[in-house]
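Biologist: I would like to learn how to read a structure like this one, feature by feature. Could you take me through it?

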Amino acid sequence: MESRSNKFGRKKNKKIGKLHKSYDAYLMELIEVTQEKWHKQKVLMRKSFEYDPNLEYEEKKAEARYFYLFKEARARQLKK
């Protein structure tokens, strides 16, 4: 069975490659920013005197976001 792009005479556009590269760069930048936010939350949690469930929630949320983005980068086989 032919793929749909070959059936209608369309070829892959070079623009798609540019979009992937720009998204990959954006993803790497987002990972770095998210990692910094996660570390700031960890430091804030460590320096607090009292237990605050909101601080713990924000730290866990930042950690989950970072590891999700990291997993996405691994799936796309990105390297620094």
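**Reading the model**

Modeller: Gladly! The protein has three helices and zero strands, where helices (H or I, at least four residues) and strands (E, at least two) are DSSP runs numbered from the N terminus. This is a predicted model, in which local features need pLDDT of at least 70 and side-chain atom pairs count only at pLDDT 80 or more, while totals for chains, interfaces and linings use all residues. Residues are numbered from 1 along each chain as its sequence is written, and side-chain values use heavy atoms, with hydrogens and water left out.

Biologist: In what order do the elements run from the N terminus on?

Modeller: They run α-α-α. Buried residues make up 15% of the 80 residues; buried means under 20% relative accessible area, exposed over 50% and partly exposed in between (1.4 Å probe, protein chains only). Of the contacts with a separation of 6 or more, 70% are between residues 24 or more positions apart, a contact being heavy atoms within 4.5 Å.

Biologist: How do I read an aromatic pair?

Modeller: A pair of aromatic rings is described by the distance of the centres and the angle of the planes. Rings of Phe, Tyr and Trp (its six-membered ring) pair if their centres lie within 6.5 Å; planes under 30 degrees apart count as stacked, over 60 as edge-to-face and the rest as tilted.

Biologist: How many aromatic pairs does a search of the whole structure find?

Modeller: There are four aromatic pairs in the whole structure. In one of them, Trp38 and Tyr66 are stacked, because their ring centres are 5.4 Å apart and their planes are at 25 degrees. This pair links distant parts of the chain, with Trp38 in helix H2 and Tyr66 in helix H3 (residues 53-75), 28 residues apart. Both Trp38 and Tyr66 are buried.

Biologist: And why is the pair of Trp38 and Phe67 edge-to-face?

Modeller: The centres of the Trp38 and Phe67 rings are also 5.4 Å apart, but their planes are at 65 degrees, so this pair is edge-to-face. Trp38 lies in H2 and Phe67 in H3, so the pair ties together parts 29 residues apart in sequence. Compare the burial: Trp38 has 10% relative accessibility and counts as buried, whereas Phe67, at 41%, is partly exposed. Trp38, Tyr66, Phe67 and Phe70 form one aromatic cluster.

Biologist: Which charged end sits over the ring of Trp38?

Modeller: That of Lys42, at 4.8 Å from the ring centre. The criterion is NZ of Lys or CZ of Arg within 6 Å of the ring centre and within 35 degrees of the ring normal.

Biologist: Which residues make up the largest nonpolar core?

Modeller: The term stands for a set of buried Ala, Val, Leu, Ile, Met, Phe, Trp, Tyr and Cys residues joined through side-chain atoms within 4.5 Å. Here the largest core has eight residues: Leu27, Met28, Ile31, Trp38, Ala62, Tyr66, Leu69 and Ala73. H2 and H3 each supply at least two residues of this core. Ala62, leaving aside neighbours within four places in sequence, is in contact with Thr34, Trp38 and Gln41.

Biologist: How should I read the buried positions along a helix?

Modeller: An α-helix has 3.6 residues a turn, so residues three or four places apart point the same way. In H3 the buried residues are Leu55, Glu59, Ala62, Tyr66, Leu69 and Ala73. H3 has 23 residues and reaches 33 Å from its first C-alpha to its last, close to the 33 Å expected at 1.5 Å a residue; the expected span is 1.5 Å times one less than the number of residues.

Biologist: What about phi?

Modeller: Most residues other than glycine have a negative phi. Gln77 has a positive phi of about 55 degrees although it is not a glycine. Gln77 is found in the segment after H3 and is exposed, with a relative accessible area of 68%.

Biologist: Which side chains make polar contacts with Arg76?

Modeller: A polar contact is a pair of N or O atoms within 3.5 Å; within protein, one must be able to donate a hydrogen and the other to accept it, and residues adjacent in sequence count only if both atoms are side-chain atoms. The side chain of Asp24 joins that of Arg76 at 2.7 Å, and the side chain of His20 makes a polar contact with that of Arg76 at 3.3 Å. Asp24 is in helix H2 (residues 14-47) and counts as buried at 18% relative accessibility. His20 also lies in H2, but is partly exposed at 42%.
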